[in-house]
Amino acid sequence: RGMMISNLDEYIEIDSELMNCFKGTTLKNDTVKGAEFPVFKSGVCTINCTGDVSRIEVIPRWCCL
C-alpha cells in the first residue's frame, strides 16, 4: 500500500479526490506509482519520506452543508 513518487522536481500536488498528480497545471501521474491515493481519516496519520524532503503540506477540502 502507499504511493511512491519518483523524479520529483521541486514539488508535486497530490489530489486524492481527482486521483491526479500535478506540478502547477502539468499532469505528473507518470511520476507516481502505487495502488491508491492517500486518504486521511480522523486520528493519527503517518507519512513516511526518504530523500531530501524539506516540507509536507496537507490542505484539506472541507465540505459543510
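Modeller: β2 and strand β3 (residues 20–23) pair in the antiparallel sense over three bridges. Two strands pair if DSSP finds at least two bridges between them; strands are DSSP runs (E, at least two residues), numbered from the N terminus. This is a predicted model: local features need pLDDT of at least 70, side-chain atom pairs pLDDT 80 or more, while totals for chains, interfaces and linings use all residues. Residues count from 1 along each chain as its sequence is written, and side-chain values use heavy atoms, without hydrogens and water.

Biologist: In what order do the three strands of the open sheet stand?

Modeller: The pairing is antiparallel. β2 and β4 (26–27) are at the edges, each with a single partner strand, so one side of each has no neighbour in the sheet. The order is β2-β3-β4.

Biologist: Which residue in β3 is the bridge partner of Asp15?

Modeller: Asp15 is found in strand β2 (residues 13–15). Beyond its neighbours within four places in sequence, Asp15 is in contact (heavy atoms within 4.5 Å) with Phe37 and Arg61, among others. Its bridge partner in β3 is Asn20.

Biologist: Is Asp15 buried or exposed?

Modeller: Buried means under 20% relative accessible area, exposed over 50%, partly exposed in between (1.4 Å probe, protein chains only). Asp15 has 12% relative accessibility, so the class is buried.

Biologist: How many disulfides does the structure hold?

Modeller: A disulfide needs two cysteine sulfur atoms within 2.5 Å. The sulfur of Cys21 is 14 Å from the closest cysteine sulfur, in Cys49, too far for a bond. For Cys49, the closest is in Cys45, also at 14 Å and too far. The count is zero.

Technical notes: Helix = DSSP H or I, 4+ residues; strand = E, 2+ residues; numbered from the N terminus.
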